[in-house]
Number of protein chains: 2
Amino acid sequence: MAPSIQRDRRADTRERILAAAAEVFAENGFAGAGVDEIARRCGVNKAMLYYHVGDKQTLYTAVLVRNIDRAREVIEAALEAARDPEERLSAMLRALTTIVREAPAYHRLVLREMASGGAHLEHEVLLRFVAIVGLTRRVMEEGRAAGVFRDLNPFLIHLLLIGGVIATAAQPLRRRLVESGLFAPEQQPDAPGDPAEFLVDVILNGIRSPASGGVVS
Amino acid sequence: MAPSIQRDRRADTRERILAAAAEVFAENGFAGAGVDEIARRCGVNKAMLYYHVGDKQTLYTAVLVRNIDRAREVIEAALEAARDPEERLSAMLRALTTIVREAPAYHRLVLREMASGGAHLEHEVLLRFVAIVGLTRRVMEEGRAAGVFRDLNPFLIHLLLIGGVIATAAQPLRRRLVESGLFAPEQQPDAPGDPAEFLVDVILNGIRSPASGGVVS
DNA sequence: TTAGTTATACTAACCGGTAAGTTTTTCTAT
DNA sequence: ATAGAAAAACTTACCGGTTAGTATAACTAA
């Protein structure tokens, strides 16, 4: 029962809207993002945008839900492919780094929500954030049970992972700093190696239980 | 010559404007912050705000410069009071945590600039950010020279410190999450202990050279 | 017919910035 | 010391432009 062509068109339009909205929200924040600009950027009439998605807040929530869900899928896939807790934590760091680099708009929205105290986050979105905290919690508890991780507050660990990954892997501000030419040549903040491997190195060493071996690299 | 009464008044007015502006910019971002709202909140007429400080961008830069300078003073004082590199890095983490908690508006502005890629940062501000990176760099190089720290990219270390501290010590989003009642009771993300000591524990262990002793706590 | 689509135009509210004029403080000349 | 000029601080009211959201009318394709 259904004109699948039309349904595909509908889904495709919605997709283009959400992608453009993610960019504009990321660049300018909720207040700074213009609905006209979003419509213009994805080649969709503004009225059509309201027809397909809804008002600005609804659009914003839809963008976040879509991105969080994709992120959770990536993280879960990475966790399932890893065997022991150490590998799982490394996999998580690498997955988070990948998400930051390949879906740059998303982490910028997260940063903005951290700044605003979640002013524009609806229940639906909060729920999904909490679910992702649960993934880190599980890894940490498995590691502690196996004796390879120290007994550390998993919520703080989660925040450290998120904050560390976003700060080290994010490109926009780093680009701005490098382009400003303010760094001395020998400081070379660009080409800082893979942030993911750096984080795996430092954070895993920081979390590891002393019994299970010290610094590897 | 000494129009000290008026000069004090002038300085005080400017101070009140900058304090209110910091809050409003932190809450709503550059685009979302209303000049009227800032004026209202500090009890200063809007035209007077333009008279004392300047337009919105000038005001924003003034807020950032003031907060970065204060932050650098706090960090430098903490570093000077510490003896060896390990103490210095711990002192830096504690100082950063204090800054996040006692001047909550500032780190929210930093988060917003990380999100926007420094879209509203003028040269004056970038310069100061780079100077703070230099503080971390110095500590790391001293530690490496003394053989107590591993050879890690100091720029990435700096980003990890900033990101880790802001993510773990920031209150606004955490409050929102806790108030949403989405966490199971046993997860208790509130009362997570002192984030500063948590970070000193994890990150210092992650950075320490294997030769200089392993996990302490 | 009907759902999707476009283009245009409208509204009501808001926002950054300014002009013009008033009051207060400080400086200066006598 | 004090009148009066000069400078600084302040208020009110307003302007031009933008924005979220809606309405309408015409068009397209299933």
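Begin at the interface of chain B and chain A in this predicted model, where eight residue pairs, with both residues at pLDDT 80 or more, are found in polar contact. To see which parts of chain B take part, colour its helices H1 (4–32), H6 (104–116), H7 (123–145), H8 (154–169), H9 (172–179) and H10 (195–207), each of which gives two or more residues to the side that touches chain A. H8(B) gives the most, with nine residues, and by class this side of chain B has 31 nonpolar, 15 polar and 10 charged residues.

Next, select B:Asp201 and A:Arg150, whose side chains meet in a salt bridge at 2.9 Å, N to O; the count between the two chains is two salt bridges.

Now widen the selection to the whole interface, in which 56 residues of chain B are in contact with 56 residues of chain A. The area buried between these chains is about 5,200 Å², and carbon and sulfur atoms give 73% of that area. Show B:Met114, B:Leu156 and B:Leu182, which supply 12% of the area that chain B buries against chain A, more than any other three residues.

Then move to DNA strand D, which 17 residues surround, the closest being A:Ala33, A:Lys46, B:Arg9, B:Arg10 and B:Tyr51. Finish with H3(B), the source of the largest share of the surface near DNA strand D, four residues.

Methods
Residues numbered from 1 in each chain as written. Chains lettered and ligands numbered in written order. Predicted model: local features only at pLDDT ≥ 70, side-chain atom pairs only at ≥ 80, totals over all residues. Heavy atoms only, no water. Contact = heavy atoms within 4.5 Å. Buried area = accessible area lost by both parts, 1.4 Å probe. Salt bridge = Lys/Arg side-chain N within 4 Å of Asp/Glu carboxyl O. Polar contact = N/O pair within 3.5 Å; in protein donor to acceptor, adjacent residues only side chain to side chain. Nonpolar A, V, L, I, M, F, W, Y, C, P; charged D, E, K, R; others polar. Near = heavy atom within 4 Å.
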